[in-house]
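Subject: Handover of a structure

Dear colleague,

Please find below the structure that I am handing over to you.

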Amino acid sequence: MEVANGIFLEQSLTVAAYEGARSASSAGGTVAEAQQRIQDVLQSRGVTGQTVTVVPAVTATTARGTLVTVTVSVPGAQQALNPLRLLQGETFTQSVVMVRL
């Protein structure tokens with residue numbers, strides 16, 4: 001069960017990073033919008049304790065064509081369901097790169 005939870009966590013982070021990158025790279029998108037979208041996705045999946053990095057720091061005036069990288073990380077220990085704590089000590093990370101529109 002713990003392995004399935006780890007797979008679910010990786011998939012959740014991938015979806016959240018994608019959605020955050022989509023928000024940040026859209027015309028007029030910002031880091032705050034990306035962070036909110038990531039929070040919404042992870043909260044709907046019961047994932048907590050995430051760290052989000054958006055590079056570069058996107059504002060509404062960031063130039064079109066800029067590569068935007070969104071990285072989402074979560075410590076595995078916070079997501080462990082099993083008393084064996086197989087995810088303890090692991091940090092799960094996913095990144096997505098999109099071009100600013």
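I begin with F8, which is located in helix α1 (residues 2–25); helices (H or I, at least four residues) and strands (E, at least two) are DSSP runs, numbered from the N terminus. The model is a predicted one, in which local features need pLDDT of at least 70, side-chain atom pairs count only at pLDDT 80 or more, and totals for chains, interfaces and linings use all residues. Residues are numbered from 1 along each chain as its sequence is written, and side-chain values use heavy atoms, with hydrogens and water left out.

F8 counts as partly exposed because its relative accessibility is 37%. Here, buried means under 20% relative accessible area, exposed over 50%, and partly exposed in between (1.4 Å probe, protein chains only).

As for the chain as a whole, the protein has two helices and three strands, in the order α-α-β-β-β from the N terminus. Its C-alpha atoms fill a box of roughly 50 × 20 × 15 Å along the principal axes. Of its 101 residues, 39% count as buried.

A salt bridge is a side-chain nitrogen of Lys or Arg within 4 Å of a carboxyl oxygen of Asp or Glu, and a search of the whole structure finds two. In one, R22 pairs with E19, and the closest N and O atoms are 2.9 Å apart. Both residues belong to helix α1 and are three residues apart, about one turn of the helix. E19 also forms a salt bridge with R37, where the closest N and O atoms are 3.3 Å apart. This pair links distant parts of the chain, since E19 is in helix α1 and R37 is in helix α2 (residues 31–44), 18 residues apart. Through shared partners, the salt bridges join E19, R22 and R37 into one network.

Which of these residues are buried, and which are partly exposed? E19 counts as buried because its relative accessibility is 12%. R22, at 45%, counts as partly exposed, and R37 is partly exposed with a relative accessible area of 31%.

Finally, T62 lies in the loop between β1 (51–55) and β2 (67–75). With a relative accessibility of 17%, T62 counts as buried. Leaving aside residues up to four places away in sequence, T62 touches A57 and R100, where contact means heavy atoms within 4.5 Å.

Yours sincerely
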